[in-house]
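The sequence and structure are shown below.

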Amino acid sequence: PTLDFQAGLYFFRIETDTNSRNLYGKDAGAFYATDAQYRPLSTALLQQSLQNVFSVTNQHPISTSQAVFAQANWKVTDRATLTAGIRYTREQKTSITSRYATFYDGSPLVSTGNTTADAIRSTQTGTAYTGIIGEPIDDGAVSWLINPSYEVTDDILLYASASGGGKSGAVAFDNNGTRRNVRPEKTTDFELGVKGAFFDKHLSISANLYWTKVRDYQATTSIEDATSSTGYSSVLGNIPALRARGVELDGVLQINHDFAITFGGAYNDATYTDWSTATCPRSYPTSVLFCNNTGKQLVGAPKWTAIIGFDFRHELIPGLAIHAFANDTYRSSHNLEQLLSPYGWQKAYQLTDAGIGFQTRIRGAETELSVVAKNLFDTQYTTSVNDFSNNAPVGYDGIGARRYVGALLRTKF
């Protein structure tokens, strides 16, 4: 057929009830106190400030979504195809939140009799509030796709695409219960690529160029918060605009029946095109009200990534094969701190995984016993940096997994 299409309706509902609970031990007061609070207080008052304090934050969000969609493939010629699609989505979101603190046995909190000790407690437990109803969302959005493709030969495909869509907003709150909704995120994307098989299909390659613009980018970032012991709080919010452009490549080189090499790489020039009023990192002077992050690379986005590996399987005798594999991943330096602190950089690093073992096939059952290693060379790296910690100048929250060596037994019937 020269035209085929699909269309449909979609409905979704999710209701969630979450509790975030913190129970503080006897040393919590000393741990969370600032230097100015810690010095004048006795050990007993430091303990009384938070010992057995039980803090609970409850959120009850409800989301419903309805959509109508259609997509069609038009076979313009034997080798040229045009795909087009459109979708309209309507969403309704509500949420209610409460926050309170008691002693662990349920009794109400009473003053320690010392204003400094009470301040340590109130900083951690925050403002109490009950049944705050968020600002409801009832909004619609259109997403679309245009995707022409052309088969140059039976083994080479050229394609392009243009699409638009986004992510719906969120009913959200500050730490003190103030309503702070997150605006919808809007995305426009363009791609141009090729997929091909060469040298009697021994080499397969896919490559594409892309350009993406995002407005009101939704991201967890930090804002100044006088009620927080660090002076900052993490919130989900909107960054006005960003742009990502680059090239991606991946492929497989099949040397022979037993041995294949896989490879891939990407150059990702992803920058904020409008974020001139960002909160400054804690390490900046307090006199600096805003930092201009326009033109800077996105948080957590290396400009260069690459991977290369191999997979080797060879039958030793009928029903018994040796299997060996390895891959090495490279990521260039990138900043992991939410506000792009100068202390948030993770330097470039590589991770290597490998394994070797035996595979058997007996009466239709496949069994593999292998020795495997992840992060073979025990590279030390982090996946998250926090520059507004009250307990250290810089906090490395997501330490990368250290070297792991183990045995893997897998059977498939």
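## Pairing of S2 and S3

Leu-23 stands opposite Phe-54 of strand S3 in this predicted model. The two strands concerned, S2 and S3 (residues 53-59), are paired in the antiparallel sense over 6 bridges. In general, strands of a sheet pair through backbone hydrogen bonds, in either a parallel or an antiparallel manner.

## The open sheet

S2 and S3 belong to an open sheet of 4 strands, ordered S2-S3-S6-S7, with antiparallel pairing. Strand S2 (18-23) and strand S7 (129-133) each have a single partner strand and stand at the edges, so one side of each is left without a neighbour in the sheet. On average, neighbouring strands of this sheet are turned by 10 degrees against each other, direction ignored.

Helix H4 (residues 115-125) lies across S3 and strand S6 (96-103). Relative to S6, H4 runs at about 150 degrees.

## The second largest pocket

The second largest pocket holds about 440 Å³ of space. Its lining comprises 20 residues, and those nearest the centre are Arg-313, Ala-321, Gln-359, Arg-361 and Glu-366. Two or more lining residues come from each of strand S14 (304-317), strand S15 (320-331), strand S18 (349-362), strand S19 (365-374) and strand S22 (404-412). S14 provides the largest share, 4 residues.

How many residues of the lining of the second largest pocket are nonpolar, polar and charged? The lining divides into 9 charged, 8 polar and 3 nonpolar residues.

Terms used
Residues are numbered from 1 along each chain as its sequence is written. This is a predicted model: local features need pLDDT of at least 70, side-chain atom pairs count only at pLDDT 80 or more; totals for chains, interfaces and linings use all residues. Side-chain values use heavy atoms; hydrogens and water are left out. Two strands pair if DSSP finds at least two bridges between them. Axes are lines fitted to C-alpha atoms, for helices over the stretch in contact, and angles run from 0 to 180 degrees between N-to-C directions. Contact means heavy atoms within 4.5 Å. On a 1 Å grid over the protein atoms alone, a cavity is a set of points where a 1.4 Å probe fits but cannot get out, and a pocket is an open set with protein on both sides within 12 Å along at least five of seven lines; lining residues have an atom within 4 Å of a point. Grid points are joined across faces, edges and corners, and a volume is the space filled by probe spheres set on the points. Ala, Val, Leu, Ile, Met, Phe, Trp, Tyr, Cys and Pro count as nonpolar, Asp, Glu, Lys and Arg as charged, and the others, Gly among them, as polar.
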